[in-house]
Structures are given as structure tokens and as C-alpha cells.
Amino acid sequence: MALDGIRMPDGCYADGTWELKMHVTDLHRDVSLRVTGEIHIGGIMLKLVEKLDVKKDWSDHALWWEKKKTWLLKTHWTLDKYGIQADARLLFTPQHKLLRLQLPNMKHMKVKVNFSDRVFKAVSDICKTFNIRHPEELSLLRKPRDPKKKKKKLEEAEEDDLELEGPLLTPGSASEVIYIGPVKGSIYSSPGLYSKTMTPTYDSRDGSPLSPTTAWFGDSPLSEGNPSILAVSQPISSPDILVKLYKPQSLLDKAKINQGWLDSSRSLMEQDVKENEVLLLRFKYHSFFDLNPKYDAIRVNQLYEQSKWAILLEEIECTEEEMMMFAALQYHINKLSIMSSDNHLNNSEKEVDEVDAALSDLEITLEGGKTSNSLGDITSIPELADYVKVFKPKKLTLKGYKQYWCTFKDITISCYKSKEEAHGTPALQMNLRGCEVTPDVNISGQKFNIKLLIPVADGMNEIWLRCDMEKQYAHWMAACRLASKGKTMADSSYNLEVQNILSFLKMQHMNPDPQFIEPITTDINPECLVSPRYLKKYKNKQPGSIRDLISARILEAHQNVAQMSLIEAKMRFIQAWQSLPEFGITHFLAKFQGGKREELIGITYNRLIRMDAGTGDAIKTWRFSNMKQWNVNWEIKMVTVEFADEPSLSFICAEVDCKVVHEFIGGYIFLSTRAKDQNESLDEEMFYKLTSGWV
């Protein structure tokens, strides 16, 4: 008697086989196969395809184990090795699925992404398709939910925004892309190739972006499309858009948004991302390496867009003068973008040379940019010496600033009661290594203050410096910023930092001469250029037409940027964004060891900051350069960081997986290892070792 058909009580058959249940997602069919634990995954898929008997390319399909949330990609492994038994249910499904990406410019793309790749690899493929260099700076973020809006209405709004009809194009990479934007039928695809020697992707006549496919494929059919659309900034069409978008109301709201970052070490399917789900592609790490306008037209534009929306949605604080400067730059960029797309700009060869020269000076990194051509006197370290007003706040005191003769040597400021006493013992001395440096500037009020939070054993000492004029402020501010990183004024970036500060201040000047100011026109649309908070401020304080008042302020500020080319204006906007005090701080809610209440941990490219959850004031700062190691207790969600010459830091992550915080720390350490002389390939394994925690 044959034993193969006799089924035992445990579900297995007498011959040792058992039924493996599988669901084929493409066909919506359930299939069962008689198997043993010794059959390898590749054999299972072969038997399945033979049983389906459907003529189709199955090469992209793989098995997904729902219960364990695991891709069975090691086809030589057996069912026993994976631990799969008769109670398992597997999906036979494509690895590449459609994802709806919202780019930094708030436009949506439909992208076919490998759902079995780790997110870090998937983002790299997406960036190659979009021609964005240094994909390690970007990642995917879940869309934040506005607690004030109902879920159903939110989903309906998303569906309206994402309607599109048209075919998919397949570029020379693993992703397929459709652009969902205002130009009907415009489809973007790119071969995803880039190098330091590629053809420049901006127009040398006016700084407007060139089509990368035109540059690489010449007269091929792809060049007839509009692939450069991602490098073009499009004005906000209506103030209603700003009203509808979610705006964080507090630091706690910002911390909640950061809970949504996906784990770069796991695949999309492992993190419950569904096909056609909306995810946000964003610059996650605020450390922009080798930002070169000649090769990075799309990267620069998307960075500009992310910074623009961060300011308009009040994700980052700025003063009224800074807001008008940002509005003026937006207005200028909008004008030039429209003009360049209509081919209205024609500049001379002389202007081309000037643009190239300006661009060479505009490469920006958070560490200070390019090395100066002139080495200067390398045998001595520059010093500053001048009268500066100093204020040391104390509880229950009403004393104001006191003038001192101050000298800035190396990374130390020494304050003397007079210039004549400068050779004696200073009345006050400050070592700025590891300090927090915050500007407090009002151009119209001629206020040029520098707030210093200097680390001490029990926290931070607060010191304020007040300069008399812009030039003095720029030199002292630049020196303070470098000293906080342990660098002196002999560093090659010092002069560039001074010039950047002066340029930033110059853009905020108001032009009092009305003959140089453009007449107010209907195309300004100031409600789309400034944040709702400042619109409300003008409405409450100023009589008359709010629109005309704000337009006049914007046009005044525009005189300082009117001569800039399109690419220079975008780069200046990014630089100005980087100059804001809150730039690059990613907030998370945490409870520190020994603390009684929840506070914030802020993570930047070079330090950790303990912050007051209500005010955002820094309580204590720790530099990565002083860090020995960090580790995570996954059971209690505690992150512990050890330093070379100060007590270790321990905190428990609240409302967020500590893996997200761990990845930010490791990610910034990874980014700090980049160098211009390296090739463009990424060391993925090093990234995973620093960020995944269990590799």
C-alpha cells in the first residue's frame, strides 16, 4: 500500500512530505505544494512556476514569509534552514513595486523600487535615477499625520494630488519613474550615471539647468522629454497650499515627525511599507558634501526646495529681516526660473566667466568650504583684539553689558578692563572648545550679538558678546564658530566664513532709496513667499493693505540679490538656511539618566545637545570629536555614549525606536569619513556597521 497519500495528525504525510501554502500576488491565487524540509528555496520557486503554467517573466519574483516579515532571498537555503514548517504561509510576489515618493519640492513621483533591498540601497538606486549625487545624505520618511485633520479627508487629498495617467519609462537602473507635476505628460528618466568629470548640468549662459539626458545621450529619443524638470524650481501657485500642509507647532511636534524615519538597514517590506504608499524623500543628514553647481543642478534645486519649505512651514525659526531676505531670494529665483524656461535670458561671454567664478566660490560644506588659494603666513596664528561689550547673565540681576578689551587667541577669549591691562591677568577668560554659538542680530536696530553657551562640569555657562558694527561681528562670529570646533583662525576656512557672514548680513539690508525699488506687481504673491506667522504679524500690527506692505518689504530686500544668477541665488538661499541657529538639529524626546522629566536630545552633524523641551535652550553639549564609543541597550531603549574626558551620557528614547537615534549618530560619524580624493562608490558595509547595531 502506498504511503504518500496518507496524511498524519500533524499535517504531514506518511512519506515525510507536507503541504506548503503559498499565495501568488500577481494572479491572486493560492497554491499548495507537497514539499520536504530539505528542498531549497530555488527548487520551491521552480516547482511553483511549473505548477502555475503561466507564460510570464517571473525573474523579479521572490518568496516573502509574512509571519516572520522576511524575504527568502538565499535560494540555496533549505526550508529547514529557514525554519519554515507546515503552518507557514508564503507570498510569491515581485520584488520591485510602485512607491509614491514626495520629493523635497513637494511634487510626487511614482517610482518602481526594490522592496527587498535595504532602504539605504533602495535610496541609492532612486538617487541614481534622479541624478542626485551623494545619496547617503537622503532617506525615506513616513508622512506625518496632522492631528487636527481627519484621516479620511487626508487620504482623499492625497489621492487627488497623485492622479496620473501615462506609461512608465525604464531608465538604465533598477527603478522606473513617472513625474507627477504641473507639466502635463512630462516624464523624467535618467541613466543614473554621474562622476566628477560629467558634463555640467547647468546652462553656462544663465545658470539654468540643462537636461542631463541631453548631455549624455545627445539626439537620442530620451532627450525629447523633459528630464530636467527636477532641477527647475516652480513657484507656489496658491497660499491655500501653505494652509493645508502640516506645520509643527512646537519642538515636541518636530520630534514626533522624526519618529517616522525608516530603518536604513531593513527593507521596505520588513517595515510594513505597502505598494503605492506615500513616502517622503528628504535630505536626512544636514552635511552636504562637495555641493557643486556644475554637477548638482538637481541636488541643489531639491536642497533649495527642502530649505524653502522648512522656512515657510516654520520648521525652523528665523527673524523678520531674515524672512524678508528669504522671500526676496524666492521671488528672484521664481522670476529667473520662468524667464530661463522661456529662453528670455541672453548673457554675454563675460557674464559667463563671472558666473563660473562666482560658482567656484559657492561650494558649501558645513565645515567651511574650499581651501583658500593663498596660504598666508602659516608660522603664526591670527588674533583678534578689540573693545567688545560682554554680558554674563545671572539670576536676579539687572546689570547690562560691560565693555572690555578682549583678545581672541587660539580658541580662547580673554577679557581685560582696559587695553593697558592686556599684559596682566584677565578679568574673564573663556575657552570656546565645544561651546554653542548662536547669533542674535537685528540689522535695522544695529544689534550684533553673539550668544555663547560654554560647557562646564555642571552644564553650560551663558555669555553674551556685543559688537559695534557688522565687520567686527563677522570676524568675531567666524572665530567663535571655528573655536567651538577646536579650530583657530589659522584654519583655511576662517576668511571664507567671515565673507559668508558679511554676505548673509548684506542680503538683509533694506534699500531706503525708492527709485531703485521695483513697482509692486501682481506676480509677487507675498502670501506664498513668507510664513503664516509673519503674515499674521503684519495683519495685527500694520494698517492698510497687508499684501502691499509685505510686497514692498520683499522688493526692498530684492535689491540686494537682484544681480544674482539663478544657480547663485539658490546656493545663497541654502547658505543662508545653514546660517540659521536651529539649522541641522534633529530633535527626539528622551529621558536622561538622573533627570526627572522628559527633555529633548538634539543631534547635529558634529554634536549631541541636551535641550529643554519647552524653550529649546541648550542645557549641555557633547562633541562627536570627543566621543570614544556609543552603544544601545535594546531591551530598555537606552543609548549610552562614552567620552574621552567627561562623564558618559545615557538617555532612554521616548515615543521613538532607539534604532532611529542610533542611526543618526552612526550616520553622521559615517559622513565625517568622506573625503574628496575618494572615489564615488559608497562603503555600504561600513554604513551598516555604524548604524544597524547588530551587523
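**Group meeting talk: a walk through a predicted model**

Okay, let's start with a sheet: seven strands make an open sheet, ordered β21-β20-β19-β18-β24-β23-β22, and the pairing is antiparallel. Its edges are β21 and β22, the latter covering residues 627-633, and each of those two pairs on one side only. Going from one strand to the next, the twist averages 30°. Before I go on, please keep in mind that this is a predicted model.

So what packs on that sheet? Helix α16 does, and the strands it touches are β18 (586-592), β19 (599-603), β20, β22, β23 (638-643) and β24 (649-653). The direction of α16 makes about 160° with that of β22.

Another one to click on is Met611, which has Ala618 as its bridge partner in β21. Between the two strands of this hairpin there are six residues, and Gly616 has a positive phi near 80°.

Helix α16 runs over residues 658-671, and Phe670 sits in it. Is Phe670 buried or exposed? Its relative accessible area is 4%, so Phe670 is buried. Leaving out residues up to four places away in sequence, Phe670 touches Glu136, Leu682, Asp683, Met686, Phe687 and Leu690. Take Phe687 from that list: it is 17 residues from Phe670 along the chain, and their C-alpha atoms are separated by 6.2 Å.

Next, a second sheet. This one is open too, with five strands in the order β2-β1-β5-β3-β4, and here the pairing is mixed. The edge strands, each pairing on one side only, are β2 (29-35) and β4 (70-71). Strand β3, residues 61-65, runs antiparallel to β4, and two bridges join them. In one of the pairs, Trp65 has Thr70 in β4 as its bridge partner. This sheet also has a helix packed on it: α1, residues 41-52, touches β1 (18-24), β2, β3 and β5 (89-94). The direction of α1 makes about 125° with that of β2.

On to a pair of helices. In general, you describe two packed helices by the angle between their axes and the distance between those axes. For α11 (470-484) and α12 (494-506), the axes come within 9 Å and cross at roughly 130°. That's why we call α11 and α12 oblique to each other. The crossing is right-handed. On the α11 side, the residues in the contact include Tyr473, Met477 and Leu482, while the α12 side includes Val498, Ile501 and Leu505. By class, the contact between α11 and α12 has 11 nonpolar, one polar and four charged residues.

Now two residues with a backbone angle to look at. Asn131 isn't a glycine, yet its phi is positive, near 60°. It lies in the loop between α3 (119-130) and β8 (138-142). Asp272 isn't a glycine either, and it has a positive phi of about 65°. You'll find Asp272 in the loop between α7 (251-257) and β10 (278-283). How accessible are they? Asn131 counts as buried, at 2% relative accessibility, whereas Asp272 is partly exposed, with a relative accessible area of 37%.

While we're around β8, have a look at Ser139, which lies in that strand. Ser139 counts as buried because its relative accessibility is 2%. Aside from neighbours within four places in sequence, its contacts include Val119, Trp261, Leu280 and Lys284.

Last, the whole chain. There are 17 helices and 24 strands, and of the 695 residues, 52% count as buried. Among contacts between residues at least 6 apart in sequence, 64% join residues at least 24 apart.

Methods: Residues are numbered from 1 along each chain as its sequence is written. This is a predicted model: local features need pLDDT of at least 70, side-chain atom pairs count only at pLDDT 80 or more; totals for chains, interfaces and linings use all residues. Side-chain values use heavy atoms; hydrogens and water are left out. Two strands pair if DSSP finds at least two bridges between them. Helices (H or I, at least four residues) and strands (E, at least two) are DSSP runs, numbered from the N terminus. Axes are lines fitted to C-alpha atoms, for helices over the stretch in contact, and angles run from 0 to 180 degrees between N-to-C directions. Angles under 35 degrees count as roughly parallel, over 145 as roughly antiparallel, 65 to 115 as roughly perpendicular and the rest as oblique. A crossing is left-handed if the near helix is turned anticlockwise from the far one by less than a right angle, and right-handed if clockwise. Contact means heavy atoms within 4.5 Å. Ala, Val, Leu, Ile, Met, Phe, Trp, Tyr, Cys and Pro count as nonpolar, Asp, Glu, Lys and Arg as charged, and the others, Gly among them, as polar. Buried means under 20% relative accessible area, exposed over 50%, partly exposed in between (1.4 Å probe, protein chains only).
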